[in-house]
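Please work through each task before reading its solution.

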Amino acid sequence: MALQTAPVPPETRSAPPPRRSRWRERDKQTLTAWLFLAPSFIGFVIFTAGPVVAAGVISLLDWNLFSPPEFTGLENFARLGGDPTFWSALVNTAYFTLVSVPLTIVVSLALALLLNQGLRRVAAFRSLLLLPYATITVAVAFVWIWLYIPHGGMVNTALGWIGIDGPAWLVSDTWAMPALIVMSVWKSFGFGMVVFLAGLQAIPQQLYEAARIDGSSAWQSFRNVTLPMLSPAMFFVVVTSIIGSFQVFDQALIMTDGGPGTRTTTLVMYIYRTGFENYDQGYAAAQSLVLFAFIVVITAAQFRLQRRLVHYDN
Amino acid sequence: MSPSLSRRDLLRWAGVGGAAALLAGCASRPAGAATWSMWSSSPAEGKVWADFSTFVEQQMGVPSIPTLTSSNGYVTKLDLQLVSGTASLVTALNGWMLPTYAARGAHRPLDDLIANDPEFDIEDFYPDIRKISSFDGRTYAIGFDVAPTVLYCNKTIFDKHGIPMPSATEPMSWAQFRELAIEFSRPADQYGFSCAPAIDDLVSWLYCGGGNVMNEGATASALGSPESLAALEFVADLFVRDQATPPISNLVTVNALANFLEGNVAMMQNGPWQVVNARKAEFEWDIVPFPAGPAGSTPRVSGSGFAIPAGTSERDLPLAWTLLKALTSTAALDIYAKAGRNNPARFSAGSAFLPPPANLGIVQRILAGEVAGGHHYEVTTNWNQVRQLLGQDLPRSFLGQVSVREAVDGITPRLDALMAQHQDKVRQATERSR
């Protein structure tokens, strides 16, 4: 059946709205947009931007929460230079980040590639592998404390089967931080895996076919097709992982309490202790601003690098 | 009226509910009610405080509203309430935290209230709890419990080895104690002694050895003194050289009581407040005085009290003082004693520690100075930082990673800096109170 369109009588054709009405319509749309944005914007101002500004002000004060605050200028920032625990916490946090982020990405990517091979029951595997990420850190930390028990713990028992006498992981100068890193990688790889899997499934198959016709090996396909096409997902995972690892706190607090010595004291843990256990709000705010500056600089550098390394087009 | 709820109605009611919740959250304490804060981490503790609350209502004729918080979250909640002006009229304070709060001006001195109240007899409180409740020469809290550290002994293990229990009145020497600890550690998976390598436990050895964390004026570290070093080395040797203690697998979860309750540890250092938990043991046990070092048997004596926040208005002050007196009265502390949780702070109150086991009565005798002795827990206005510092580096010598001397040498400059900071805080607090 052919469709016929009846001609519209000239009197019923809609005339272009007057300019004032168009503006009113546009104002209405803007208002609607702001209304939709408002909850998120208000939340951002109150819970993110506000505290950052407040931290800036508090960092210039000597304030114990109860006595009236005293203006001390940049003294809190000057204190950072002579505070060995702060530097130790900074080095520990950098160590944690430098090791845990690449490890997490390698494990996440490897598992995502495996799940992308068209395995049977892939949904079940995906859910199973995502479980550590979905479990609260406190519970995971307690389980890993048990795994790391030197005598009879599962880790050392397994090492014993291959003739290795495992250390006292959580009280060892050398092994406490690696132990935390392994636990953190196990806890967080699920997130990266899901992002990589989504990225892998969005890569057009014809690119692989073209590579195959050109005689590419599996490794060449991975290097020249998969990795470039996965670069937006990789960029996202790297940025979020680095920010997350700079803020590592709960697992270190529960598993080692920052010890032995200050071997696993992280920056956020030290900031928390300074502000809420030692009531030195100004100094804690100064430390948090330094951490904020580190994260901003590193993230900005990543965004700059992404222009060269990340490919958003197909 | 429409039977169904429209989306607009739902939003309106949600808004009203949210506003009401916000207002309720911001509300200050109820007027005329006796509000008080206390930590409580078990149903048994909760029952004691419920009984306290009933007692307060009977005594004062006003509603009693206790705010009970788990021990771990108590300080955080108290801080928030103090800062926001919503703290209870009376708040419980652990003795070692008192100088921290007093120096920050969070609680008010009570000397004027005590002096103007002829009914209140401060002399009825044990001297140690009065020292613990004071800062900079002023009384900031009235104690409700106080107790010395004692030595728990697994009588079953002593009997198995044919070794008589130590005397309940004459403390054994450190040498005798070490000999016993080594002897009991000979069988596999059995240990002579258990304590946490943390300053709260180690300080008893320091006091008995004639040492301390800081010097008398709290102006510098005293951990490097020969007495302190000898005391710390004595305990570290029990861990590292004699292997007389259960192996440390995790510094966060070291728990002397849990080790003792396993039944394979012959002796444990702890406070008598653990008697209530030790009663769950499936073996015979008893307590004896802490081993006597060069300075005698003078282990840590610790306690807690009730204090009045500095933000309490003049109008509420009489009610707060009456409430504080009710909570620390002999009758109230008898409730506490009957629950068997810890030793009440008053001479006139009953004992929480009645036999069996046979020696429990020594707790009050130690406090009264009739048996052995004790040393009130000396702390500074930044004790949390001191604990953190010592908790970071000192345990490494108990793991054999560094010697005690090396650990102390590393700690000393930072401990000296904390003592200087403490002096500043004391000076600021003194100036503020003028």
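**Exercise 1.** How far apart do the C-alpha centres of domain 1 of chain A and domain 2 of chain A lie?

*Solution.* The model is a predicted one. Begin with the bounds: in chain A, domain 1 covers 29-71 and domain 2 covers 78-309. The C-alpha centres of these two domains of chain A are 29 Å apart.

**Exercise 2.** Determine how many residues of domain 1 of chain A are in contact with domain 2 of chain A, and describe that side of domain 1.

*Solution.* Step 1: apply the contact criterion, C-beta atoms within 7 Å. Under it, 10 residues of domain 1 of chain A are in contact with 8 residues of domain 2 of chain A.

Step 1: assign the contributions of domain 1 to elements. At least two residues each come from α1 (19-58) and β1 (61-62) of chain A. The most is given by α1(A), with 4 residues.

Step 2: The division is 6 nonpolar, 3 polar and 1 charged.

**Exercise 3.** Carry out the corresponding analysis for the side of chain B that touches chain A.

*Solution.* Step 1: count the residues. Contacts link 24 residues of chain B with 25 residues of chain A.

Step 1: identify the elements of chain B. On the side that touches chain A, α3 (71-84), α16 (383-393) and α17 (395-398) of chain B each supply at least two residues. Here α16(B) gives the most, with 5 residues.

Notes:
Residues are numbered from 1 along each chain as its sequence is written. Chains are lettered from A and ligands numbered from 1 in the order in which they are written. This is a predicted model: local features need pLDDT of at least 70, side-chain atom pairs count only at pLDDT 80 or more; totals for chains, interfaces and linings use all residues. Domain bounds come from an automatic or database domain assignment. Two residues are in contact if their C-beta atoms, placed from the backbone, lie within 7 Å. Ala, Val, Leu, Ile, Met, Phe, Trp, Tyr, Cys and Pro count as nonpolar, Asp, Glu, Lys and Arg as charged, and the others, Gly among them, as polar.
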